[in-house]
Amino acid sequence: MSVNWAGRRLEVELGKPGHGGFCVARHEGRVLFVRHGLPGELVVAQVTEDRGGSFCRADAVEILEASPDRVAALCPISGPGGAGCCDYSHATLGAQRGMKAAVVAEQLRRIAGLDVGVEVEELPGTADGTGWRTRVRLAVDADGRPGFHRFRSLDIETSLACPQVDPVAYSGLAERSWHPGAELQVVLDTLGERHVVEIAPPKVSRTGRRSPGRRGATARRAASAGVRAERVVIGSGRAVERVGGREWSLSATGFWQAHRGAASTYSSVVGEWAEASSGARVWDLYGGVGVFAAALADQVGPLGRVDSVESSRQAVADASAAMADLPQVHLHAVRAERALRDLPAPEVVVLDPPRSGAGKEVVALVAAAGPERIVHIGCDPASFARDIALYREHGLRLEKVRAFDAFPLTHHVESLALLTR
């Protein structure tokens, strides 16, 4: 007869980090996924969720034997029972990156069958892991107060104290009353301008179902869906961003890398690995506003061709404005799987798919096009590893992997792969 462990406090020793921001422990034959601990620690873990089966979820609520990598948590609202923002804020930056590297390597080993050494590299501007975020999405509770969702919960923590973003982003937000159920998009752009956009709550249909909104979808797809009204409250609502010598003006609710150093770093790696020939044809899939397309356009030159495919029409419009001087860039406002059958065969393909990955159909179409090199970017280690496994099934070889600490204080990590024939 199964017994529900929810609420029980168990003394356990924590093992290796797992994908999702927890450490793995075992008790009486069951697996515990324990947040707020570190590998090797002896803790008292309180079970927060037990749906039966072989595992349950827990929080480390008392540290009996601490790891030397433990520090006082940098985020005051993210501990047990708190917001789901900074699940690694109690670890040194070195330990955070070590855990992320272990997770990426484990996913590649388990899913793709590859034994690859992984190092998670620092991005510029994150000396202490705080203040790196340039955009944040806040929820609004039933009383009109903005804040962060608690972990795996609809409840909202209304203390605006998460250190991922510069405190100026929060200035004055708590003093205003917002529409209950709405979201606030807050952006600090390259020029130092702050933009705050209130996004209306999802509509409820006659059946009582909420219409699909932005949460759970990529920002790029959400921007094209147009299902939720937006109201610019502070700033112009048009964020200015720069990579290299080029400038983009994009909607504050559109997609841009959250870490202030990410876009430039990834653009440099893509350019280094792509090595596109002068006059070559290149694909840039899930191209957003065209940061990678611009770098690739410089490589292929005026006689080459870059086909940038992006499903968000707003992102494509912003890309068109930013790259008006690059006629070799051809923009396609369509889903990748619909575009690829008609595009000219490429020498190089660059992909930056959503968290769920590119998937079987897109990978098969890319492989069938016969590129010499593929640069693949992933923000989820599991879907990243699944895509790498799919490429291998089509005869491609993983040449290089780099991973970046694009989300300090959290378990999230960005991975880049170079694949060749």
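The tour begins with the whole chain and then moves to single residues.

**Stop 1: the whole chain**

Select everything. What you see is a predicted model. The secondary structure comes to 8 helices and 22 strands. Along its principal axes, the C-alpha trace spans about 65 × 50 × 50 Å. Does the radius of gyration agree or disagree with that of a compact globule? For 421 residues, such a globule would have a radius of gyration near 22 Å, and the chain has 22 Å, so the two agree.

The accessible surface of the chain is about 18100 Å², and carbon and sulfur atoms account for 49% of it. Of the 421 residues, 56% are buried.

Colour the charges next. There are 50 positive and 50 negative charges, and their mean positions lie 6 Å apart.

One more figure concerns contacts along the chain. Taking contacts between residues at least 6 apart in sequence, 64% join residues at least 24 apart.

**Stop 2: the domains**

Colour three selections separately: domain 1 is 8-70, domain 2 is 135-188 + 194-235, and domain 3 is 255-420. How far apart are the centres of domain 2 and domain 3? Taken over C-alpha atoms, the separation is 29 Å.

**Stop 3**

Select Val61, which sits in strand E6, residues 55-65. Is Val61 buried or partly exposed? Its relative accessibility is 33%, so Val61 counts as partly exposed. Leaving out neighbours within four places in sequence, Val61 is in contact with Arg9, Val44, Gln46 and Pro80. Now draw a distance from Val61 to Val329: these are 268 residues apart in sequence, and their C-alpha atoms are 54 Å apart in space.

Go to His36, in the loop between strand E4 (30-35) and strand E5 (42-49). At 7% relative accessibility, His36 counts as buried. Check its backbone angles as well. Most residues other than glycine have a negative phi. His36 is not a glycine, yet its phi is positive, about 70 degrees.

**Stop 4: Lys100**

Select helix H1, residues 93-112, and find Lys100 in it. Is this lysine, Lys100, buried or exposed? Lys100 is buried, with a relative accessible area of 1%. Show the residues that touch Lys100, again leaving aside neighbours within four places in sequence: Tyr88, Val120, Asp405, Phe407, Pro408, Thr410, His411, His412 and Val413.

**Stop 5**

Pro146 belongs to strand E9, residues 146-149. Its relative accessible area is 2%, so Pro146 is buried. Which residues are in contact with Pro146, apart from its neighbours within four places in sequence? They are Leu138, Ala139, Val140, Thr158, Leu160, Leu173, Ala174, Trp178 and Leu184. For a distance, pick His411, one of the contacts of Lys100 at the previous stop. Pro146 and His411 are 265 residues apart in sequence, with 24 Å between their C-alpha atoms.

Next select Arg176, in the loop between strand E10 (156-157) and strand E11 (183-188). Arg176 has 40% relative accessibility and so counts as partly exposed. Beyond its neighbours within four places in sequence, Arg176 is in contact with Gly144, Val233 and Ile234. Gly144 is 32 residues from Arg176 along the chain, and their C-alpha atoms are separated by 8.2 Å.

**Stop 6**

Select Ala280, in the loop between helix H3 (262-274) and strand E16 (281-285). With a relative accessible area of 8%, Ala280 is buried. Not counting residues up to four places away in sequence, Ala280 touches Val300, Gly304, Arg305 and Glu347. Draw a distance from Ala280 to Val186: their C-alpha atoms are separated by 39 Å, and they are 94 residues apart along the chain.

Follow the chain past E16 to Tyr286, in the loop between E16 and helix H4 (291-300). Tyr286 counts as buried, because its relative accessibility is 13% and the limit for buried is under 20%. Look at the backbone here too. Tyr286 has a positive phi of about 55 degrees, although it is not a glycine.

Methods
Residues numbered from 1 in each chain as written. Predicted model: local features only at pLDDT ≥ 70, side-chain atom pairs only at ≥ 80, totals over all residues. Heavy atoms only, no water. Helix = DSSP H or I, 4+ residues; strand = E, 2+ residues; numbered from the N terminus. Buried < 20%, exposed > 50% of the residue type's maximum accessible area, 1.4 Å probe, protein only. Contact = heavy atoms within 4.5 Å. Domains from an automatic or database assignment. Rg over C-alpha atoms; globule rule 2.2 N^0.38 Å. Areas by Shrake-Rupley, 256 points an atom, 1.4 Å probe, with all protein chains shown as cover. Lys, Arg positive; Asp, Glu negative; His and termini not counted. Charge placed at Lys NZ, Arg CZ, Asp CG, Glu CD.
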